[in-house]
Amino acid sequence: MKFPPSAKARRAALGGAAALLLVAANGPAAADFAGRAWHEYTINQESYKKRYGHWDVVDVPEEFRINAIHAALLHTGKVLLIAGSGNDEKNFRAGTFQSVLWDPERNTFKQVPTPKDMFCAGHAQLPDGRLLVAGGTARYEKLTGDVKRAGGAMLVKNENPDAPRMLPAGTTFVGGSGKEYRSQFPVLVPRAEKGGDGGGAGGKKVMVTASQARVYVESVVEGEQGITQTADQYRVKGLTGDDARDVYGLAAKLGLDKKDFQGLREAYEFDPVAERYVPVDPMAEARWYPTLVTLRDGRVLTVSGLDDMGEIIYGKNEIYDPRTRTWSPGPNRYFPTYPALFLTGGGKLFYSGSNAGYGPADKGRTPGLWDVDANTFVPVPGLADQEMTETSASVLLPPAQEQKVMIMGGGGVGEAHESSRRTAIADLSDSAPRYVPGPDLPRATRYLNAVLTPDDQVFTTGGSADYRGKRGSDILRAQYYDPRNRVFRPAADPTVGRDYHSEALLLPDGRIAVFGSNPLFADKDDTRTGVFEKRIEVFTPPSLFRGHRPAAVTGPLEAERGETVALPGADPRDVATVRLMRPSAVTHATDVEQRSIALPPAGGDGALSVTVPDDPSLVPDGWYMLFVTDREGTPSRAAWVHVR
């Protein structure tokens with residue numbers, strides 16, 4: 001059945017013809033307009049779409065347009081977009097925190113009550129299909145010159161072994177000089193510890209070790225009068241007697257220097273069925289910019305971040321158990337913020353070197369294999385431009401059985417202008433893995449979005465050549481990477497620029513959706529302040545314009561690892577490959593969830609079946625999209641499969 005051309009296509013055709021007449025009549029003065037019209041005409045031709053694909057901007061009602069910082073695909077087929085305060089301090093001060101559910105099939109939207117500022121949190125898919133969201137923003141950064149009150153970390157001590165002490169936000173600490181500082185958050189100081197032999201007659205004297213907790217404090221007065229240059233002990237205003245002796249503060253310099261973002265301890269599970277956040281136990285450490293990565297036993301490791309003082313966490317990692325909804329200490333190892341960590345064979349984590357911004361340039365940036373159980377780290381050498389891994393993209397190449405990780409692009413540390421065309425691939429199945437060069441990107445790019453597709457390609461789009469799109473450097477182009485032939489091939493160009501705070505993910509119907517972007521400036525001269533990009537743009541791959549599509553598997557399905565599963569609805573004569581694809585949870589060019597697992601198809605009695613690999617480090621528990629693809633590379637719609 002042939003459908004009549006859309007109104008947009010008809011307008012493009014008429015515009016193309018009109019453009020030629022305009023150029024003929026007016027010469028070079030109309031060339032620019034004519035070029036745009038001809039381009040619009042060209043990209044709407046069926047022959048072009050079949051070769052390069054096509055982009056469409058989604059019609060989002062105004063009340064649902066948010067600063068999408070995080071995007072996660074849920075097993076209901078809906079996409080959870082999380083803004084929190086959306087990198088907007090006015091929203092933060094007003095307590096305006098946002099999340100929106102988008103149904104890409106029906107193009108409907110729903111606001112979701114958001115209990116805390118999840119801006120720059122971490123997230124991971126859980127075995128039951130819920131999404132774990134941990135950390136976020138407790139305080140916005142203040143640059144030098146914008147800081148009005150001296151402040152910093154106060155170490156609060158408790159020498160009472162019989163009771164903990166809760167000090168509310170606003171507690172005043174008074175130093176020996178009389179200067180006063182107020183706590184910005186509540187702080188619970190545990191009871192002191194009894195133990196050991198403190199000596200004395202008969203060895204019965206008990207030794208008491210003071211407990212401690214940190215809290216951020218600010219001067220009661222503004223300006224330089226609030227600065228303290230030396231270490232001091234602080235009494236808690238309002239406490240008397242034994243309480244005043246037992247509970248006190250210690251602080252070093254409290255100044256007017258730059259204050260970084262501060263993290264949250266809170267954690268939540270998002271329930272895709274009830275469509276709400278459910279609070280779970282908080283983390284021991286506050287975290288801003290953490291990575292959450294699933295382990296082979298279904299638990300989740302949270303790594304790195306800025307703490308409640310705005311200081312980078314030097315190695316204090318934690319593990320979340322979804323069965324008990326509690327956290328426990330993890331192996332101690334330092335990484336920069338948002339490190340790209342991939343679950344690989346035997347349960348080891350591979351750190352590709354990709355990260356997103358905070359931490360010294362000379363520490364924690366070496367790629368390598370991390371044995372979480374033994375807490376050993378073996379560097380993986382060979383990466384060119386290793387100083388350019390910040391804001392790079394990394395993917396576990398399809399199919400996941402081959403255990404190859406690719407890194408693409410990236411920039412210099414911090415606000416550096418430089419970016420890289422470098423790609424490199426590490427074969428982790430090798431006994432001594434190392435990075436080997438891949439083909440260069442068409443342009444040096446940071447903030448590149450990379451999405452696995454059902455036909456074992458990697459779709460890459462957007463990014464910018466400079467820090468946060470400075471100097472008008474957004475890159476309006478997309479391309480596919482073909483792992484088999486190790487080449488890039490062009491795709492249709494997007495129409496919306498994407499840099500910092502942008503995300504992209506695969507939808508169950510085979511399209512790719514792209515969200516967000518947070519440029520610093522809106523012009524090439526860096527004179528006009530940038531505006532957060534709230535449009536959603538969706539890419540339809542070339543294969544979906546071919547006219548034939550294999551029948552979708554009837555789902556949802558349940559499967560156990562190692563089990564052979566029948567795929568109802570699929571025609572074995574029409575299937576070349578079957579892939580299990582884990583849904584994305586992506587932010588800051590970091591998506592450690594997505595993976596594509598090959599399931600060799602087997603036919604018999606006119607039915608199609610597959611066997612799910614029994615390795616939990618290859619197929620962790622959870623919900624997956626199952627795509628069948630024909631010999632032309634055209635995928636079906638996905639069926640949802642719950643693997644346990």
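Two strands count as paired if DSSP finds at least two bridges between them. Strands (E, at least two residues) and helices (H or I, at least four) are DSSP runs, numbered from the N terminus.

This is a predicted model, in which local features need pLDDT of at least 70 and side-chain atom pairs count only at pLDDT 80 or more, while totals for chains, interfaces and linings use all residues. Residues are numbered from 1 along each chain as its sequence is written, and side-chain values use heavy atoms, with hydrogens and water left out.

**Stop 1: the whole chain**

Start with everything selected. The protein chain has 5 helices and 49 strands. Its radius of gyration (taken over C-alpha atoms) is 27 Å, close to the 26 Å that the globule rule gives for 644 residues, so the chain is as compact as a globular protein of that length. That rule is 2.2 Å times the number of residues to the power 0.38. Along the principal axes, the C-alpha atoms fill a box of roughly 95 × 65 × 45 Å.

Now colour by burial, where buried means under 20% relative accessible area, exposed over 50%, and partly exposed in between (1.4 Å probe, protein chains only). Of the 644 residues, 55% count as buried.

**Stop 2: the nonpolar cores**

A nonpolar core is a set of buried Ala, Val, Leu, Ile, Met, Phe, Trp, Tyr and Cys residues joined through side-chain atoms within 4.5 Å. Select Val 79, Trp 102, Met 408, Phe 515 and Ile 536: of the 54 residues in the largest core, these touch the most other members. Strand E39 (residues 512–516) gives this core its largest share, 4 residues. Another core lies apart from it, with 49 residues, including Phe 335, Phe 342, Leu 428 and Val 612.

Zoom in on Trp 102. Leaving aside neighbours within four places in sequence, its contacts include Val 58, Val 79, Phe 109, Leu 507, Phe 515 and Ile 536.

Next, pick Met 408, which stands in strand E31 opposite Ala 393. Ala 393 brings you to strand E30 (residues 393–396), which pairs with E31 (residues 404–408) in the antiparallel sense over 4 bridges. Are the faces of E30 covered or uncovered? Both are covered: Ala 393 and Val 395 on one side, and Ser 394 and Leu 396 on the other, are all buried.

**Stop 3: a five-stranded sheet**

Select the open sheet of 5 strands with the order E41-E49-E48-E43-E45 and mixed pairing. Its edge strands are E41 (557–559) and E45 (596–598), each pairing on one side only. Neighbouring strands here are turned by 35° against each other on average, direction ignored; the axes are lines fitted to C-alpha atoms, and angles run from 0 to 180 degrees between N-to-C directions.

E48 pairs antiparallel with E49 (residues 639–643) over 5 bridges, and Met 625 stands opposite Trp 640 in E49. E48 also pairs with E43 in the antiparallel sense, again over 5 bridges, with Val 578 partnered by Val 628.

Step on to E43 (residues 577–581), which pairs antiparallel with E45 over 3 bridges. There, Arg 579 has Ala 598 as its bridge partner.

**Stop 4: a hairpin with two kinds of face**

Select strands E11 and E12, which form a hairpin with 5 residues between them; in the turn, Gly 178 has a positive phi of about 90°. E11 (residues 172–174) is joined to E12 by 3 antiparallel bridges, and Val 174 is the bridge partner of Glu 180.

Which residues of E12 (residues 180–183) make up its covered face? They are Tyr 181 and Ser 183, while Glu 180 and Arg 182 form the uncovered face. E12 also pairs with E16 (residues 211–219) in the antiparallel sense over 3 bridges, where Arg 182 meets its bridge partner Glu 218.

**Last stop: a loop residue**

Finish at Leu 264, in the loop between strands E19 (262–263) and E20 (267–271). Leu 264 counts as buried, at 10% relative accessibility. Not counting residues up to four places away in sequence, Leu 264 touches residues including Lys 116, Thr 137, Met 283 and Arg 287.

Notes
Contact means heavy atoms within 4.5 Å.
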